Amino acid sequence: MRSLQSTLLTPYKNIIHAFSTRDNGYSLKPFLQNNLAFHVNDNPDLVLKNHQNYANYLHYDINKLVYMEQVHGTTIKIIDKETDLSKTPKCDALITQEKDIPLMVMVADCIPILLFDPVQEVIAVVHAGRAGVFNNILINTIDEMKNKCKTNVKDLLVILGPSIRECCYEVGEEIKVEAQKLNFGYSIKEKDGSYYLDLIRIIKQELQKINIKNKNIEISKYCTSCNNKTFFSYRADKNTTGRFSGLLMLK
Ligand SMILES: [Zn+2]
């Protein structure tokens with residue numbers, strides 16, 4: 001499987017979208033095969049070849065690709081005509097209304113989120129790990145789309161890509177306490193004396209609060225840790241691994 005498509009996004013012919021997998025790349029162990037991240041100590045020549053290969057496959061201009069230096073923060077960047085595309089923005093969400101600029105989020109267990117407003121023609125990608133979910137990066141990005149791009153939430157499509165799920169996401173007592181402080185206590189399940197965190201459940205609840213319709217939310221069935229032959233998983237691969245991507249572009 002070379003990439004995953006979204007059922008909600010596929011009908012739209014004015015966008016390109018995909019979640020990449022490990023397949024069809026040049027990187028060697030432990031980054032087999034299609035690692036798209038330069039910061040994980042993989043051979044940069046091979047990572048570049050992976051990017052070129054993937055751009056050819058999805059038909060976008062690699063010179064216009066925007067990805068992020070992701071820092072588990074809450075900074076959201078809007079890409080417009082003035083943006084210098086040669087610089088990598090330090091942020092965890094990107095929004096644009098520009099055509100032919102592919103936005104990419106890279107992950108290995110965190111949630112890659114794609115947002116599409118087909119009415120105003122706005123796209124966004126979000127990197128949501130535990131810190132991002134606890135700090136509401138997704139809802140903040142949607143607010144930014146509402147305020148700056150006139151997005152109406154009733155039109156918005158929200159796609160959550162493969163990520164580590166409750167089955168594999170064991171956390172310590174301190175995370176449980178933090179979740180409880182934030183009123184996310186319902187996201188922690190106790191099993192055999194260990195705690196498991198369900199970030200998807202928090203996101204669903206938060207989306208419901210802002211009236212995103214259920215039918216406009218798509219959640220990948222894949223847990224990255226359970227499926228680490230197909231997707232990179234920071235946990236299952238014992239911390240040294242590559243990154244796969246969520247990508248969205250307006251044509
Ligand atoms: Zn799992």
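Predicted model: local features only at pLDDT ≥ 70, side-chain atom pairs only at ≥ 80, totals over all residues.
**Entry 1: Aspartate 100**

I started with aspartate 100, which is exposed because 11 other C-beta atoms lie within 10 Å. The cut-offs I used: a residue is buried if 20 or more other C-beta atoms lie within 10 Å of its own, exposed if 12 or fewer, and partly exposed in between, with C-beta atoms placed from the backbone. Aspartate 100 sits in the loop between β4 (93-96) and β5 (103-107). For element names I follow DSSP runs: helices are H or I of at least four residues, strands are E of at least two, and both are numbered from the N terminus. The phi of aspartate 100 is near 65°, which is positive in a residue other than glycine.

Residues are numbered from 1 along each chain as its sequence is written.

I then turned to asparagine 183, which is not a glycine but has a positive phi of about 65°. I found asparagine 183 in the loop between α4 and β10 (188-191). Is asparagine 183 buried or exposed? Asparagine 183 counts as exposed, because there are 10 C-beta neighbours inside 10 Å.

Valine 177 is in helix α4 itself, residues 173-181. Valine 177 has 13 C-beta neighbours inside 10 Å, so I noted this residue as partly exposed. I also checked valine 177 against aspartate 109: the two are 68 residues apart along the chain, and their C-alpha atoms are separated by 22 Å.

**Entry 2: Cis peptide bonds**

Lysine 29 and proline 30 are joined by a cis peptide bond with omega about 0°. Glutamine 33 is also placed in the loop between β2 and α1. From leucine 32 to glutamine 33 the peptide bond is cis, with omega near -20°.

**Entry 3: Isoleucine 212**

Where does isoleucine 212 lie? I found isoleucine 212 in the loop between α5 (199-209) and β12 (217-219). Isoleucine 212 is buried, because 21 other C-beta atoms lie within 10 Å. I count a contact when the C-beta atoms of two residues, placed from the backbone, lie within 7 Å. Not counting residues up to four places away in sequence, isoleucine 212 touches Val153, Leu156, Val158, Leu207 and Ile217.

**Entry 4: The core**

In soluble globular proteins, nonpolar side chains tend to be buried together. I define a nonpolar core as a set of buried Ala, Val, Leu, Ile, Met, Phe, Trp, Tyr and Cys residues joined through C-beta atoms within 7 Å. The largest nonpolar core here has 66 residues, and Leu103 and Val158 are among those with the most contacts inside it. Strand β7 (residues 122-128) gives the most to this core, with six residues.

I listed the contacts of leucine 103, leaving aside neighbours within four places in sequence: Val66, Leu94, Thr96, Ile123, Val125, Leu247, Leu248 and Met249.

**Entry 5: Strands and sheets**

I take two strands as paired if DSSP finds at least two bridges between them. Four strands form an open, antiparallel sheet in the order β1-β2-β13-β5. The edge strands are β1 (3-4) and β5, each of which pairs on one side only. Strand β13 (residues 244-250) and β5 pair in the antiparallel sense over five bridges, and methionine 106 has serine 245 in β13 as its bridge partner.

How many bridges join β3 and β4? I noted four bridges, in the parallel sense. Lysine 77 has leucine 94 in β4 as its bridge partner. On strand β3 (residues 76-79), Ile76 and Ile78 form the covered face, while Lys77 and Ile79 form the uncovered one.

**Entry 6: The whole chain**

The protein chain has five helices and 13 strands. Its radius of gyration is 17 Å, close to the 18 Å of the globule rule for 251 residues, so the chain is as compact as a globular protein of that length. The radius is taken over C-alpha atoms, and the rule is 2.2 Å times the number of residues to the power 0.38. Along its principal axes, the C-alpha trace spans about 50 × 45 × 30 Å. Buried residues make up 43% of the 251 residues.
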